[in-house]
Amino acid sequence: MILNTVSEIANQFKLYQPSIPFYYTKNALNQELPDERIIWYPVSDNFTPTQHIGKNPLQIYSREFTMEFHIYSKDLNRIDNFLNWLLVSIYEKVFEPQVIDISGEYIDAGQNLQQGFCYILSVTISGIIIRKPLREAEIITVESHSHFNNSPEYVPPLPP
């Protein structure tokens, strides 16, 4: 669930900022990587009984997971730009009620590695644990035609 969610967010972010690499794992924080990058990793999970059993009767638990996105750059304006597009990507890929909390802070990445600045974005998202997989529906598309009023003649298709 977490990996799928972040994968969707990262893919959306790549549409806006294709040159910025995404890395997964806390170990990447100490590696020499490109100056501009985003590193993310999960921080915590919290499982609680569902509060809305009527909305999804197959739901057993709610799962609130927190993850951190570390945005690196040597330019604070670029960090703000990446942060903007990351937040836009989160809201485009995660339904609004599922985003529980978003907070962040700037840190100086230190003089020793000359990494510039970093912004740590902490995001908490709520998911659901269901009792059994949801069923899949097969959709069959049937070709349909429109007619002119009181005529058996078909309406011609629109030109491309």
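Biologist: What pLDDT does the chain average?
Modeller: This is a predicted model, and the chain averages a pLDDT of 80, with 76% of the residues scoring at least 70.

Biologist: Where is confidence lowest in the chain, and where is it highest?
Modeller: The lowest confidence is in β1, at a mean of 85. Helix α2, residues 76-93, has the highest, at 91.

Biologist: And how should low values be treated, in terms of pLDDT?
Modeller: Where pLDDT is low, the predicted coordinates should not be read in detail.

Biologist: How many helices and strands are there in the chain?
Modeller: The chain has two helices and five strands. Starting at the N terminus, the elements follow the order α-β-β-β-α-β-β.

Biologist: In which sense do β1 and β2 pair?
Modeller: The pairing of β1 and β2 is parallel and spans three bridges. Within this region, Tyr24 stands opposite Trp40 in β2.

Biologist: What about β2 and β3, parallel or antiparallel?
Modeller: β2 and β3 run antiparallel and are joined by 12 bridges. Trp40 has Phe69 in β3 as a bridge partner, and Ser44 is partnered by Thr66 in β3.

Biologist: How many bridges join β3 to β5?
Modeller: There are 14 bridges between β3 and β5, and these strands also run antiparallel. Phe65 has Ile125 in β5 as its bridge partner.

Biologist: Why is β3 described as largely enclosed?
Modeller: Of the 15 residues of β3, 12 are buried, so the strand is largely enclosed by the rest of the structure. For the chain of 160 residues, 33% count as buried.

Biologist: Turning to the core, which residues touch the most other members of the largest one?
Modeller: The largest nonpolar core has 24 residues, and Phe22, Phe69, Ile71, Leu86, Ile90 and Leu121 touch the most other members. At least two residues of this core come from each of α1, β2 (37-49), β3, α2 and β5 (117-130).

Biologist: Which residues is Leu86 in contact with, leaving aside its neighbours within four places in sequence?
Modeller: Leu86 is in contact with Ile9, Phe13, Phe22, Phe69, Ile71 and Leu121, once those neighbours are set aside.

Biologist: Which residues are among those of the other core?
Modeller: Another core, of eight residues, lies apart from the largest one; Ala28, Leu29, Tyr41 and Tyr72 are among its members. As a general point, nonpolar side chains in soluble globular proteins tend to be buried together.

Biologist: What lies over the face of Tyr72?
Modeller: Arg37 does, at 3.9 Å from the ring centre.

Biologist: How many aromatic pairs does the structure hold?
Modeller: The structure holds five aromatic pairs. One of them joins Phe13 and Phe22, with ring centres 5.5 Å apart and planes at 70 degrees, so this pair is edge-to-face. Phe13 and Phe22 are both buried.

Biologist: And why is the pair of Phe22 and Phe69 called edge-to-face?
Modeller: The ring planes of Phe22 and Phe69 stand at 80 degrees, with centres 6.5 Å apart, so the pair is edge-to-face. The pair links distant parts of the chain, since Phe22 is in strand β1 (residues 22-24) and Phe69 is in strand β3 (residues 59-73), 47 residues apart. Both Phe22 and Phe69 are buried.

Biologist: Which residues form the aromatic cluster?
Modeller: Phe13, Phe22 and Phe69 form one aromatic cluster.

Biologist: A change of topic: is Gln12 buried or exposed?
Modeller: Gln12 counts as buried because its relative accessibility is 11%, under the 20% cut-off. Gln12 is placed in helix α1 (residues 2-16).

Biologist: Which residues does Gln12 touch, not counting those up to four places away in sequence?
Modeller: On that basis, Gln12 touches Ser89, Glu92 and Lys93.

Biologist: Where is Tyr91 found?
Modeller: Tyr91 is in helix α2. With a relative accessibility of 40%, Tyr91 counts as partly exposed. Not counting residues up to four places away in sequence, Tyr91 touches Glu96, Val99 and Ile102.

Biologist: What separates the C-alpha atoms of Tyr91 and Ile9?
Modeller: Those C-alpha atoms are separated by 8.7 Å, while Tyr91 and Ile9 are 82 residues apart along the chain.

Biologist: Finally, what share of the contacts with a separation of 6 or more comes from residues 24 or more positions apart?
Modeller: Such residues account for 60% of those contacts in the chain.

Conventions
Residues are numbered from 1 along each chain as its sequence is written. Side-chain values use heavy atoms; hydrogens and water are left out. Helices (H or I, at least four residues) and strands (E, at least two) are DSSP runs, numbered from the N terminus. Buried means under 20% relative accessible area, exposed over 50%, partly exposed in between (1.4 Å probe, protein chains only). Contact means heavy atoms within 4.5 Å. Rings of Phe, Tyr and Trp (its six-membered ring) pair if their centres lie within 6.5 Å; planes under 30 degrees apart count as stacked, over 60 as edge-to-face and the rest as tilted. A charge sits over a ring if NZ of Lys or CZ of Arg is within 6 Å of the ring centre and within 35 degrees of the ring normal. pLDDT is the predictor's confidence in each residue, from 0 to 100. A nonpolar core is a set of buried Ala, Val, Leu, Ile, Met, Phe, Trp, Tyr and Cys residues joined through side-chain atoms within 4.5 Å. Two strands pair if DSSP finds at least two bridges between them.
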